[in-house]
Amino acid sequence: MPRASSRGGAVAGPPSRAQDDGSLQNDTSHMSFEELLELQSQVGTKAYKQLVTGSSTKKQSCRPPVQKACVADKHRPLEMSAKVRVPFLRQVVPISKKVARDPRFDDLSGEYNPEVFDKTYQFLDDIRAREKELVKKQLKKRRSGEEHEKLQHLLQRMEQQEMAQKERKRQQELRLALKQEQRAQAQQGHRPYFLKKSEQRQLVLAEKFKELKRSKKLESFLSRKRRRNAGKDRRHLPLSKE
């Protein structure tokens, strides 16, 4: 039953939350102060303010709604920030780094065999011989001057290289002869004996001594050796006091 107001009129009960906000505002505008206080006590202060003002008490953010980030295409160009300074040299396309390879110390080039190497590049000996003859002819034409000194140094270096190559070949022949001798002893049933490096050096010196003796250069070689050893000994002597 609707309650009678103090003025004698019938007053409807408190509005339900299912009604529209506009109708609730119209209803509360015709209520007296006592009826409004009674309505506030029934529905609560928060709901009462929402009914009177017609707006939600929730704080509305002034920021625009955030859109969901779309998945970036992996083939699109790279976006650079304007706040970061762009480098002068920028790598746009990835480039594989080139690695330098030294064939002398690389396993891909195979194992070094001096005998095979000498046979493969044997034609270089003829080229070096022709170059040596050409340097000798140019040296005869230029008797003095800076060009003469350059040609003289070049000829000496070529002769030293030729002597070193001959010495290396002699050592290779000696090692090959020792291997053949060891192989022959193994075939006969003897136990092979491998020479030490010191013994191999002694054999090389003995072969060099025989070669110098045959070429009649032994005395000059020994005299140079004595002078070199005397200079080394003189360095270790104490300085004389004046």
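Among contacts in the protein chain between residues at least 6 apart in sequence, 44% join residues at least 24 apart, where contact means heavy atoms within 4.5 Å. This is a predicted model, in which local features need pLDDT of at least 70 and side-chain atom pairs count only at pLDDT 80 or more, while totals for chains, interfaces and linings use all residues. Residues are numbered from 1 along each chain as its sequence is written, and side-chain values use heavy atoms, with hydrogens and water left out.

The protein chain has eight helices and zero strands; helices (H or I, at least four residues) and strands (E, at least two) are DSSP runs, numbered from the N terminus. Read along the sequence, the pattern is α-α-α-α-α-α-α-α. The chain has 242 residues, of which 10% count as buried. Buried means under 20% relative accessible area, exposed means over 50%, and partly exposed lies in between (1.4 Å probe, protein chains only). The accessible surface of the protein chain is about 23400 Å², and carbon and sulfur atoms account for 53% of that surface. Accessible areas come from the Shrake-Rupley method with a 1.4 Å probe, and for residues only the protein chains shown count as cover.

Consider helix H6 next, which runs over residues 146-187. The expected span of a helix is 1.5 Å times one less than its number of residues. The 42 residues of H6 should therefore span 62 Å, and the end C-alpha atoms of H6 are 62 Å apart, which agrees. After H6 comes Gly189, with a positive phi near 100°.

Which residues of H6 are buried? They are Leu151, Leu155, Met158, Gln165, Glu167, Gln172, Leu178 and Gln182. The cover over these buried residues includes helix H4 (114-120), helix H5 (123-141) and helix H7 (197-214).

In soluble globular proteins, nonpolar side chains tend to be buried together. A nonpolar core is a set of buried Ala, Val, Leu, Ile, Met, Phe, Trp, Tyr and Cys residues joined through side-chain atoms within 4.5 Å. Here the largest nonpolar core has five residues: Val135, Leu139, Leu151, Leu155 and Met158. H5 and H6 each supply at least two residues of this core, and the largest share, three residues, comes from H6. Leaving aside neighbours within four places in sequence, Leu155 is in contact with Lys132, Val135, Lys136 and Leu139. Glu133 is found in helix H5 and counts as partly exposed, at 43% relative accessibility.

Charged side chains come next. Side chains of opposite charge can pair when their charged atoms come close. A salt bridge is a side-chain nitrogen of Lys or Arg within 4 Å of a carboxyl oxygen of Asp or Glu. How many salt bridges are there by this rule? The count comes to seven.

One of them joins Asp125 and Lys169, with the closest N and O atoms 3.4 Å apart. Asp125 lies in helix H5 and Lys169 in helix H6, so the pair ties together parts that are 44 residues apart in sequence. Asp125 is partly exposed at 25% relative accessibility, and Lys169 is partly exposed at 32%. Asp125 and Lys169 also belong, with Arg128, to a network of salt bridges.

A salt bridge also forms between the side chains of Lys132 and Glu162, at 2.9 Å from N to O. This pair links distant parts of the chain, since Lys132 is in helix H5 and Glu162 is in helix H6, 30 residues apart. Is Lys132 buried or exposed? Lys132 is buried, with a relative accessible area of 16%, whereas Glu162 is partly exposed at 31%.

The salt bridge between Glu146 and Lys150 has an N to O distance of 3.9 Å. Both residues lie in helix H6, four residues apart, which is about one turn of the helix. Glu146 is exposed, with a relative accessible area of 58%.

The surface also holds a nonpolar patch of about 520 Å², made by Tyr112, Phe117, Tyr121, Phe123 and Ile127. Patches are made of residues with over 30% relative accessible area and no salt bridge; like charges are joined within 9 Å, and nonpolar side chains (Val, Leu, Ile, Met, Phe, Trp, Tyr) within 5 Å.
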